[in-house]
Amino acid sequence: MSKKDAFIDAVEALEREDYETAYKLFLPLAEQGDADAQFNLGVMYSKGQGVPQDYKEAVKWYRLSAEQGDAQAQFNLALMYYNGKGVPQDYKEAVKWFRLSAEQGIASAQYNFGYMYDKGLGVPQDYKEAVKWYRLSAEQGDVRAQFNLGVRYYHGQGVPQDYVLAHMWWNIAGSNGYKDAIKNRNIVEKKM
């Protein structure tokens with residue numbers, strides 16, 4: 001069986017929730033350096049799918065995949081550092097991996113990278129940089145980024161204060177199901 005066929009069979013097994021078969025097919029591929037197989041093993045260990053849940057093992061496989069440039073593995077590895085799962089909590093290391101993933105266009109990574117700047121976690125607090133990454137994520141439809149852009153415009157942090165743009169971003173986030181955005185939109189309407 002070719003590597004490509006083995007990978008396809010592994011993904012199909014994963015989709016059927018036949019984790020034992022998926023693991024058996026992913027493992028040799030991952031050991032041979034296949035970044036996608038490594039990522040999938042990381043997910044399986046992180047979620048305890050067909051294997052005992054083991055965050056350290058998940059980190060191992062995410063790292064191998066992330067070091068090969070897999071954007072989703074970089075994001076998941078960043079989350080592991082952010083949350084201190086399988087590794088000691090380390091915001092600077094989380095920032096490193098969020099940045100790599102964000103630069104590849106992963107909306108959730110862009111949001112999280114912006115959040116790190118917003119709150120000064122692992123980097124100096126920088127609202128302008130936070131806004132830059134929130135905007136990239138918001139434009140891809142991330143409601144948390146849309147909401148936080150509204151907050152930055154409302155308070156004039158990293159951007160000139162602009163109630164119209166705050167209202168716009170909260171309206172967008174609200175229409176995408178973010179309930180707090182609707183409350184904030186109604187508050188800003190009174191100031192406009």
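The model is predicted: local features need pLDDT of at least 70, side-chain atom pairs count only at pLDDT 80 or more, and totals for chains, interfaces and linings use all residues. Residues are numbered from 1 along each chain as its sequence is written, and side-chain values use heavy atoms, with hydrogens and water left out.

Next, select α5 itself, residues 71-83; helices here are DSSP runs (H or I, at least four residues), numbered from the N terminus. Its 13 residues should span 18 Å at 1.5 Å a residue, and the end C-alpha atoms are 18 Å apart, which agrees; the expected span is 1.5 Å times one less than the number of residues. At the N-terminal end, display D70, which caps the helix through a side-chain oxygen 3.1 Å from the backbone nitrogen of Q72.

Move to R152 in helix α9 (residues 143-155). R152 is buried, with a relative accessible area of 6%. Leaving aside neighbours within four places in sequence, R152 is in contact (heavy atoms within 4.5 Å) with D118, Y127, V131, Q157 and V159.

Finish at W170. Not counting residues up to four places away in sequence, W170 touches F147, G150, V151, Y154, A181, N184, R185 and V188.

Key:
Helices (H or I, at least four residues) and strands (E, at least two) are DSSP runs, numbered from the N terminus. Buried means under 20% relative accessible area, exposed over 50%, partly exposed in between (1.4 Å probe, protein chains only). A polar contact is a pair of N or O atoms within 3.5 Å; within protein, one must be able to donate a hydrogen and the other to accept it, and residues adjacent in sequence count only if both atoms are side-chain atoms.
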